[in-house]
Amino acid sequence: MSSYCWLSKDSLKHANYPSSTLKFFDLEDISLKQIPPIKRRRLNGLSKMAMHTSLSCLDKTNVAPEQVYTVFASQHGELSRTASIVNDIVNGDEVSPKDFSLSVHNSSLGLFSIFNKNKQFGTSIAAGSNTFGFALLESYNLLKRYPDETVLLTCFDLEVSQPFDSLQQRHDPSYSLSLLLSLDNTSGQEISFSFERSDKEGQADKPLAIEFFEFLQGDQSTALLQSADNNWEFTKNAL
Amino acid sequence: MRPIENEIKAVIIESLDLEDISIDDIDSAEPLFGDGLGLDSIDALELGLALKKKFDIKLDSNSEESKKHFYSVSTLADFIEQQKRTA
């Protein structure tokens, strides 16, 4: 039904993100002025991105934020907040209560639900390099069970910083992708997908979510995308 | 106004990420939690930690007394000055 993707300006420095491919992305700084400052201060870099693309994606439709079922997906989640907590403990300092309370993987989903008074089902997912694919599968499961509902899928990750960046085979800029999904095929684009385990160790140029968004915006009708251990096939169906 | 009140307000703004609020916006007598500045229980813990670091004071997080001390900037200033005197 609707899609929206924010990408850090740092992507302009990455060889995998030539400027010609960035025209569909939002590269602007995030302000979230629609959220009162007293609430906005609870958001860090990660949850700001997720909130921004979720609300921007919903803004393009007339679906209210309190109505949607939510699937929030992030490979690394609150990694920087967790690292900061561990640093405090190692240094013998007291841990920040705010950092502690917001260090869980579903923090961004929780903040989205609180800020928007959303009491619907919500799921938080991490699945390595398949995170976006399995979030899409989870969204599909929700829609098959609740066929009249709409699912907001938001897949997001901050750039992995020191000391964990040395463990990354590929360095990705911060991004957040939001999709609004429903089984109603009378509006928007219809997508089908399948996946299979791959024995060949693969490495795509970008996170699966970014590659999917580029496929969505492009002219190709089929995309074969590779994660570290799965092959994903996405097809745009003619309506 | 006592200088310590402005110091407390600066700690509140910095430790609680109140980016759009200045020292002049906080009334020393106004309640910090609930209806006043609108802070919540996580803020209370965060503020307690920041004040402990800044003023080297001891806090008992479970006591009714602490609740009274954290009512406003003015009551916090009284509490910190009292601790400094007895230290």
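1. The largest pocket holds about 590 Å³ of space; a pocket is an open set of points on a 1 Å grid over the protein atoms alone, where a 1.4 Å probe fits, with protein on both sides within 12 Å along at least five of seven lines. Its lining has 25 residues, and A:Leu181, A:Ser182, A:Gln189, A:Glu190 and A:Ile191 are the closest to its centre. Lining residues have an atom within 4 Å of a point.

2. This is a predicted model, in which local features need pLDDT of at least 70, side-chain atom pairs count only at pLDDT 80 or more, and totals for chains, interfaces and linings use all residues. Residues are numbered from 1 along each chain as its sequence is written, chains are lettered from A in the order in which they are written, and side-chain values use heavy atoms, without hydrogens and water.

3. α6(A) gives the largest share of the pocket lining, five residues. By type, the lining divides into 14 nonpolar, nine polar and two charged residues.

4. Helix α2 of chain A, residues 45-59, is mostly covered: 12 of its 15 residues are buried (under 20% relative accessible area, 1.4 Å probe, protein chains only). Among them are A:Met49, A:His52 and A:Cys57. The buried residues of α2(A) pack against β1, β2, α5, β4 and β5 of chain A.

5. Between the chains, 12 residues of chain A are in contact with 16 of chain B (heavy atoms within 4.5 Å). In chain A, A:Arg41, A:Glu94 and A:Pro97 lose the most area to chain B, together 45% of what that side buries.

Key: Points joined across faces, edges and corners; volume = space filled by probe spheres on them. Helix = DSSP H or I, 4+ residues; strand = E, 2+ residues; numbered from the N terminus. Nonpolar A, V, L, I, M, F, W, Y, C, P; charged D, E, K, R; others polar. Buried < 20%, exposed > 50% of the residue type's maximum accessible area, 1.4 Å probe, protein only. Buried area = accessible area lost by both parts, 1.4 Å probe.
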